[in-house]
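Visitor: I have a chain on screen and some questions about its fold. Can you walk me through it?

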Amino acid sequence: MENSGEGPVVRCFRDQNRRARRHWLMRTYQIYLIEDEFAHHYYGREKLFFNLFLEYIQARGRLKSILQKQIEYVTKTVPINQLQVAIEQRLQKKMNYWTQNGKYYLEKTNGTSKAVLIIQNESITLKAEGDYEAETAFFESIRKYEASFLAIDFEHEKYGWLKPIKERKFV
């Protein structure tokens, strides 16, 4: 057995980290543009949006079409062209940023963080792996464009506003 200079606990922890990195390798977010009225009204109750979108994904038949109408009512169409311009302006200075076939790619120089962004009319898909730097850069670009984007990671049941909405103060 080769002596690496590290004890069995350190070696075990290192191996667990490798396995965990492989397991956490890919994160996928669906990002929806919520109508301002609903974004303000449901601020702090984002789980209701999560449940609506999740139920839609799992639904069949008549229920699916009803849920689709509800989603169309509470969401706005993603302004693809304007968002593309905003993202390109903010990320073109990044060394490892490029576009190809309507997809936007960002990779950290040392390869520890990668993300791809796909913009569609109904939603935006962001797939990321490694550390959070590349996905954060995309989130920041989208957040600066519009305040009411809601990101959902269905696999890990995580969700939240890209730009938290300030609660209105009534006097």
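The questions below go from the overall fold to single residues.

Visitor: What pattern does the protein chain follow along the sequence?

Guide: This is a predicted model. The secondary structure of the protein chain comes to 6 helices and 7 strands. Read along the sequence, the pattern is α-β-α-α-α-α-β-β-β-β-α-β-β.

Visitor: What percentage of the residues in the protein chain is buried?

Guide: Buried here means under 20% relative accessible area. The protein chain has 171 residues, and the buried share is 33%.

Visitor: Among contacts between residues at least 6 apart in sequence, what percentage joins residues at least 24 apart?

Guide: Contact means heavy atoms within 4.5 Å. Take the contacts in the protein chain between residues at least 6 apart in sequence; the share that joins residues at least 24 apart is 57%.

Visitor: Which residues are closest to the centre of the largest pocket?

Guide: About 310 Å³ of space lies in the largest pocket. Its lining has 13 residues, and the closest to the centre are Gln-68, Ile-71, Glu-72, Thr-75 and Glu-122.

Visitor: How do the residues of that lining divide into nonpolar, polar and charged?

Guide: Helices contribute to the lining of the largest pocket. Both α3 (46–58) and α4 (61–74) supply at least two residues each. By type, the lining divides into 5 nonpolar, 5 polar and 3 charged.

Visitor: How far apart are the end C-alpha atoms of helix α6?

Guide: Helix α6 covers residues 133–145, which is 13 residues. At 1.5 Å a residue it should span 18 Å. The model agrees with that, with the end C-alpha atoms 19 Å apart.

Visitor: Which residues of α6 are buried?

Guide: An α-helix has 3.6 residues a turn, so residues three or four places apart point the same way. In α6 the buried residues are Ala-134, Glu-135, Ala-137, Phe-138, Phe-139, Ser-141 and Ile-142.

Visitor: What is the phi of Asn-101?

Guide: Most residues other than glycine have a negative phi. Asn-101 lies in the loop between β2 (97–100) and β3 (103–107). Asn-101 counts as exposed, at 71% relative accessibility. Asn-101 is not a glycine, yet its phi is positive, at about 55 degrees.

Visitor: Is Glu-157 buried or exposed?

Guide: Glu-157 lies in the loop between β6 (149–153) and β7 (158–161). Its phi is also a positive value, near 55 degrees. The cut-off for exposed is over 50%. Glu-157 has 52% relative accessibility, so it counts as exposed.

Visitor: How far is Thr-125 from Tyr-32 in space, C-alpha to C-alpha?

Guide: Thr-125 lies in strand β5 (residues 124–130). At 8% relative accessibility, Thr-125 counts as buried. Beyond four places in sequence, Thr-125 touches residues including Thr-28, Tyr-29 and Gln-30. Thr-125 and Tyr-32 are 93 residues apart in sequence, but in space the C-alpha distance is 9.1 Å.

Notes: Residues are numbered from 1 along each chain as its sequence is written. This is a predicted model: local features need pLDDT of at least 70, side-chain atom pairs count only at pLDDT 80 or more; totals for chains, interfaces and linings use all residues. Side-chain values use heavy atoms; hydrogens and water are left out. On a 1 Å grid over the protein atoms alone, a cavity is a set of points where a 1.4 Å probe fits but cannot get out, and a pocket is an open set with protein on both sides within 12 Å along at least five of seven lines; lining residues have an atom within 4 Å of a point. Grid points are joined across faces, edges and corners, and a volume is the space filled by probe spheres set on the points. Helices (H or I, at least four residues) and strands (E, at least two) are DSSP runs, numbered from the N terminus. Ala, Val, Leu, Ile, Met, Phe, Trp, Tyr, Cys and Pro count as nonpolar, Asp, Glu, Lys and Arg as charged, and the others, Gly among them, as polar. Buried means under 20% relative accessible area, exposed over 50%, partly exposed in between (1.4 Å probe, protein chains only). The expected span of a helix is 1.5 Å times one less than its number of residues.
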